[in-house]
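Keep the 3D view open as you read.

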Amino acid sequence: MRRRLAILALAFALSAPGALAATNPDEILADPVLEQRARDLGKELRCLVCQNQSIDDSDADLARDLRRIVRERLLAGDSDAEIREFLTARYGEFVLLKPPVEPATFGLWFGPFLVLVVAGLGALVYLRRNRPAAPIAVPLSADERARLQALLEEEAKPSH
Amino acid sequence: MAAKRLLFLIPVLVFVGVGIGLALGLTRDPSVLPSALIDKPVPDFELPPIEGLDGPGLSTEDLEGEVSLVNVFASWCVPCRVEHPLLERLAEQGVTIYGINYKDPADKAAAWLGEMGNPYAKIGADRSGRVAIDWGVYGVPETFVIDRHGRIRHRHVGPLQARDLDGMILPMLAELNE
């Protein structure tokens, strides 16, 4: 019984993400392949009203209109790239949740790695310079050796 | 030794630079997006008039040959009410303003214009909102400055205020009209 409940709970949990999408039943395309493409595209397109939600997640009017446009264009046979182009021509690259890699966005994509490399090199130089000098091996003097010997012998004596 | 001291200043300078950059970023309004259509010709469109209102509707050809403003508005849009008196005043000053009525039932739009006044030379009714999407509209009201070649030169998002007119729109119109 408990096990069955657990399985049921898991099934609910797994089905939740799909159920959370804002897409209305009347928008869904009959062709599951096209619908999946529409969903995938919708997830990477920004709703310009709410800005941090994708059009797939947003319930805003504009997001719904954009979802409809994506589906219309899919039905008309457009490729994913053509649909992205259609929207960036109107709303700019801001509409893409994942910015394209191009000279203007090199800083965005590679800046963090540059900082990491520079910081790593800096740390390396710093650590190299401040490495503690290797201990200099000075042989024991005659006195010290005698004392060490005495201590060792004392240690070796059986204790009472 | 002096050179080494200067080396320690580098992180401070980097910090100040990043700080200034972020501080400038904070002064920007994230809800105002740049238009992708600046300096591009207005999109091809043809809109019917608001039903029940005399007038020809609005299409791409109307926006060529003269400097004009295109204002996207709706009767249900509260900020549109705020900016409307300014549009009226602009029209009185002789500025040509065209309207795109966004997702508005014809009777509501007509009643609103009857109540508030009609500063628009021509109005196109965009019931589905598709033409507005071609213009890159994402919120109402939005106002576009169109030059005499029918190119979009500026976009203002949100209600126009007196300081937007004085600081941006009016100087721009004057310059384009020269």
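**A tour of chain B**

Chain B holds 5 helices and 7 strands. Do keep in mind that you are looking at a predicted model. Read from the N terminus, the elements of chain B follow the order α-β-β-β-α-β-α-β-α-β-β-α. The C-alpha atoms of chain B fill a box of roughly 85 × 35 × 30 Å along the principal axes. Its radius of gyration is 21 Å, whereas a compact globule of 178 residues would come out near 16 Å.

Now find the open sheet of 5 strands in chain B, where the order is 5-4-3-6-7 and the pairing is mixed. Strand 5 (122-126) and strand 7 (152-157) of chain B each have a single partner strand, so these edge strands are left with one side lacking a neighbour in the sheet. On average, neighbouring strands here are turned by 20 degrees against each other, direction ignored.

For a look at one pairing, go to strand 4 (residues 97-102) of chain B, which runs parallel to strand 5 of chain B and is joined to it by 5 bridges. There you can see G99(B) opposite I123(B).

Finally, turn to the largest nonpolar core, which has 48 residues. V72(B), I100(B), Y102(B), A132(B) and I146(B) have the most contacts inside it. Helix 3 (residues 61-75) of chain A gives the most to this core, with 5 residues. Leaving aside residues up to four places away in sequence, I146(B) touches, among others, V42(B), L63(B), V67(B) and I152(B).

Definitions and conventions:
Residues are numbered from 1 along each chain as its sequence is written. Chains are lettered from A and ligands numbered from 1 in the order in which they are written. This is a predicted model: local features need pLDDT of at least 70, side-chain atom pairs count only at pLDDT 80 or more; totals for chains, interfaces and linings use all residues. Two strands pair if DSSP finds at least two bridges between them. Helices (H or I, at least four residues) and strands (E, at least two) are DSSP runs, numbered from the N terminus. Axes are lines fitted to C-alpha atoms, for helices over the stretch in contact, and angles run from 0 to 180 degrees between N-to-C directions. A nonpolar core is a set of buried Ala, Val, Leu, Ile, Met, Phe, Trp, Tyr and Cys residues joined through C-beta atoms within 7 Å. A residue is buried if 20 or more other C-beta atoms lie within 10 Å of its own, exposed if 12 or fewer, and partly exposed in between; C-beta atoms are placed from the backbone. Two residues are in contact if their C-beta atoms, placed from the backbone, lie within 7 Å. The radius of gyration is taken over C-alpha atoms; the globule rule is 2.2 Å times the number of residues to the power 0.38.
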